[in-house]
Amino acid sequence: MAGTKLNPSSSEPEAVMNATKQNTKDANVNSCPKAARRMGSLGSDHGPRVQVEFYVNENTFKERLKLFFIKNQRSSLRIRIFNFSLKVLTCLLYILRVLLDDPMEGIGCWGCAKKNYLNTSSTDVIDWGSIFWVNRTLWLWGIQVTVALISFLETMLLTYLSYKGNIWEQIFRVTFILEMINTVPFIITIFWPPLRNLFIPVFLNCWLAKHVLENMINDLHRAIQRTQSAMFNQVLILICTLLCLVFTGTCGIQHLERAGGNLSLFKSLYFCIVTFSTVGYGDVTPRIWLSQLLVVIMICVALVVLPLQFEELVYLWMERQKSGGNYSRHRAQTEKHVVLCVSSLKIDLLMDFLNEFYAHPRLQDYYVVILCPTEMDLQVRRVLQIPLWSQRVIYLQGSALKDQDLMRAKMDDAEACFILSSRNEVDRTAADHQTILRAWAVKDFAPNCPLYVQILKPENKFHVKFADHVVCEEEFKYAMLALNCICPSTSTLITLLVHTSRGQEGQQSPEQWQRMYGRCSGNEVYHIKLGDSKFFGEYEGKSFTYASFHAHKKYGVCLIGAKREDNKSILLNPGPRYIMVSSDTCFYINITKEENSAFIFKEEEKQKRKGLSSEGIFGGASRLPVHSIIASMGTVAMDLQNTECRSSSGATLTLPSENGAGSRRPSIGPVLEIADTTVILPCDLLSDQSEDEANPSDDDSLPAPEYVKGYPPNSPYIGSSPTLCHLLPVKAPFCCLRLDKGCRHNSFEDAKAYGFKNKLIIVSVETAGNGLYNFIVPLRAYYRPRKELNPIVLLLDNPPENHFLEAICCFPMVYFMVGCIDNLDNLLQCGIIYADNLVVVDKESTMSAEEDYMADAKTIVNVQTMFRLFPSLSIITELTHPSNMRFMQFRAKDCYSLALSKLEKKEREKGSNLAFMFRLPFAAGRVFSISMLDTLLYQSFVKDYMIPIARLLLGLDTTPGSGYLCAMKVTEDDLWIRTYGRLFQKLCSSSAEIPIGIYRTESHMFSTSESQISINVEDGEDAKDVKDPWAGKSHRNSTSSDQSEHPLLRRKSRQWARRLSRKGNRQTSKTDEKINQQRQELYHRSERQELSELVKNRMQHLGLPTIGYEDVANLTASDVMNRVNLGYLQDEMSDHQNTLSYILINPPPDTRLELNDIVYLIRSDPLANVQNGSHSQKSSSFRLFPSNEAARSETQL
């Protein structure tokens, strides 16, 4: 508080005034002319000058005393500690006086004759002398008087300093009255010696000590700048209140009983404890009415005071349960903990975090402190009461923007802080703003704490670039959805890689595919230094491709990337020209990390005796050995076969001739230790003019489009990684981007008019956000062959903004249309009948629903409708909640789905983090939830390389020299390779590509009890009615949801009708026969035909040609099975046959290849090959399998 003084007051010493005048005169004399002129410009030149003195506090004696005794925190604390010591000392002196006092010696005033009052036998007559007078020695009296005098002076001084104009308010305070009762009588005895033996209730100073203690705790908190919990203060006050009640009752009863039973101090204490505890033995009781009255008064006071104290304590306890209290400072210094900051905590998010975080063995001793501004949910409270989590998870209600709450969470001592955005908010930009403020607050409070931040919108990512790890949800979401269109089930592949799994899911299932799929899902990405590795240490000085192939052949691990010690960039499949050194960090996919593996080497005695054959392990009838990988308690024992180095001449494969001819199938070349530029044919995509010339357009009337390769000139947000893409030579006008409306540049109004050669990719989005840019870039990347570029149609609920159109107008074959997926006309106008993939992105407006899991209701029903209308269409759907994926492509009486649901429950009971992995839509990559990628951020705490590797795989980042993810399809001409291990060698030797997994589609027989009965009845009684077996299958599977019951009912109804017709009149007219025939045709009309007619009628109404619409009823058996093998169509031609697709990540080398398998590849960077290769290699074409020149275009996707 600052005070201003214009003139010295009269109360000040005259020296001060003289000094002021002298200073003023000196200032006027010594002022420079320039300063005088400056002052003159501001005021009068001839007016008197006044010196102004500023004080930090009031410059009076009272204010200085108030500053010392009250305002200053440290001095006030010291004074209160001294005052508390005085009060405790007076209580101790009172106890000492009681112990030294002997009533048998007589009682009286100071200097008077002593009289013994203890001989009265009547309890009705009170001896007042023994109550008023006590024995007090001179030295004890002197100490008590000194203490009383100090206390009196201090009380009067504090009363004066705190006086604010109302003297009666100060006098009638309880503390002031008690001070006067305990101090004034002692001061009087100084001037009147006979009163020195007068009884004074000094024991009442315990209440003053309690009051001083409360104030002292408050000053202590202010002095050390730390706030203890209100719970601690209230408990302390309650304990002090109980002690004061017991001490007051003990001393009062003991003194009053001097006139009665003469109780000792200990017996009085015993009586008070027994009385206040409501035990009441009755062996010690007060005898005179005064002490009995005191007991009544004390009980009444206790009944009033204690309930109030307990009520306050219970209220604070309940509030503490809501807020969570504090994380102990001692625990923070001795134990490790991480902090999870969220705006609202849901049970799914909590369990995903806990399961993934504690899945790593190194994190078992960590504590998780949850800082959330909302009250704990009931489900969350129940989970946190489970002993597994109650000892390791601490919930604190508070805000990350408050330093007090960050201090409660001990953020400065935390090992990491995870800040997650609320994706259930309708306004996702506002949710990002809250996340950004939390990140800033944590960085300001604890600069050294590692930050792991989740952002929803990509345009907000640069605000938190200071964080150690950042995951942008929309970037990853759209990139995965885009790759799903060209590399099937990429979303499932990435999800399985970033989840921690034991690889034990589905091992008890009778289904072979579930066991293989569950086993391979345990593969994750690990890292190790080359010099410390047994997997890769022997390949120092050799090429990356050589190390990857031989490590997979020998150990079953898949080496996918490397990083130099002096370079922070991770390179995926840097190619055969990359030479491994001991300081390199290797990144590999395996069931577990090398540190948890035990190696068991076995030598094959037969090979020792016979020697190594010229055919090698791939020659003749030999097969790759099955690698026995036994997982037990996090340790893998690998049975390693003899894998000695063979000469290059003996590593090729010679196959028998076909039909006795002398022609040879192509053999598999060796993988060289050092790259040979004459063997490796780079995939040069920068100069693919020869490709265009060799494959002329089928329609010569349409000119071939001209594209250029370059970097997109306009990025919609800051922080997007530059990617070399196929671009238009000139930006397209905004009017030409509208698919359904013509303009002055072209008159096309539907997808058919454009005459696209490739199938469309349609994306249904609510709003064209900046994240949608990451959907287009991977599909237009420079390494995608020009002839395989699919047109992209953006079906938007809301018109796009100009800045977004400016960003996409440079890409070829990218169009937009305003419409929604629940409108059949919009779907037909955007060309859905010419599309192979439809991507349905979850709408932001539906994410916030009254019931959480109902947020996906509209999306699921719309997708189910499109699944019925266009069964040949591959629909890729994004959901908010992963648990809702069981409703995708829902069929009410599908017993196989019911069995998968039971399997999911069993896996969840076993503690699996991937219980939903066996759902057919997820396994096939048809459904995806962005919440599955939350584990990517959690894993980054242990594996800091997971986010860069995921971004490289998805094409979000392009590092020079790093490869990219692509896929190839296994055709009939490629089945001679037979096994995955041989395919690995073939790819490494011919094109330096690294396979990482297989996407397999199988035809599966789903047999149910209803369908078996239907088959038996049809075959036994009325098989002759089915003239066309394929049409019969189509009819059975094209019925409504109760399709397994209708065939049986229809057969029985026909049989019953025929039996009645045999008994009745067999003569019918021609009119009746015609009517019956029409009825039969309508009766046999399937749901598929009705939907087909509906679509055709809408197309005719819109003026669209119906030639391109393929009805399932008109498809041939080969057409349907081709779509089934591609995974695009659930086989509706049979009730018992369906298709399922799943992923095998890093399968064993002896895994048999099957027809239509799609192999995931990491292809080396074409730019690196072009820069390092010769000009002759630039003009050469890339061939995957030399044996199949004609099928080259079908080999790659």
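Ile297 lies in helix 12; helices (H or I, at least four residues) and strands (E, at least two) are DSSP runs, numbered from the N terminus. With a relative accessibility of 43%, Ile297 is classed as partly exposed, where buried means under 20% relative accessible area, exposed over 50%, and partly exposed in between (1.4 Å probe, protein chains only). The model is predicted: local features need pLDDT of at least 70, side-chain atom pairs count only at pLDDT 80 or more, and totals for chains, interfaces and linings use all residues. Residues are numbered from 1 along each chain as its sequence is written, and side-chain values use heavy atoms, with hydrogens and water left out.

Ile297 belongs to a nonpolar surface patch that also contains Trp128, Phe132, Trp289, Leu293, Val296 and Val301, with about 650 Å² of accessible area together. Helix 12 (residues 289-323) supplies the largest share of this patch, five residues. Patches are made of residues with over 30% relative accessible area and no salt bridge; like charges are joined within 9 Å, and nonpolar side chains (Val, Leu, Ile, Met, Phe, Trp, Tyr) within 5 Å. A salt bridge is a side-chain nitrogen of Lys or Arg within 4 Å of a carboxyl oxygen of Asp or Glu. Accessible areas come from the Shrake-Rupley method with a 1.4 Å probe, and for residues only the protein chains shown count as cover.

## Annotated transmembrane regions

An unreviewed UniProt entry lists residues 81-100, 138-159, 171-192, 235-253, 265-282 and 288-310 as "transmembrane region"; such annotations may be inferred rather than shown by experiment. In the model, residues 235-253 are 100% helix and 0% strand, with end C-alpha atoms 27 Å apart. Residues 265-282 are 67% helix and 0% strand, and their end C-alpha atoms lie 17 Å apart.

Four strands form an open sheet in the order 9-12-10-11, with antiparallel pairing. Its edges are strand 9 (524-529) and strand 11 (571-572), each of which pairs on one side only. Two strands pair if DSSP finds at least two bridges between them; strand 9 and strand 12 (residues 585-590) share six bridges in the antiparallel sense. His527 has Phe587 of strand 12 as its bridge partner.

## Cysteines without disulfides

The whole structure holds zero disulfides, a disulfide being a pair of cysteine sulfur atoms within 2.5 Å. Cys966 is buried, at 3% relative accessible area, and its closest cysteine sulfur, in Cys487, is 6.3 Å away, too far for a bond.
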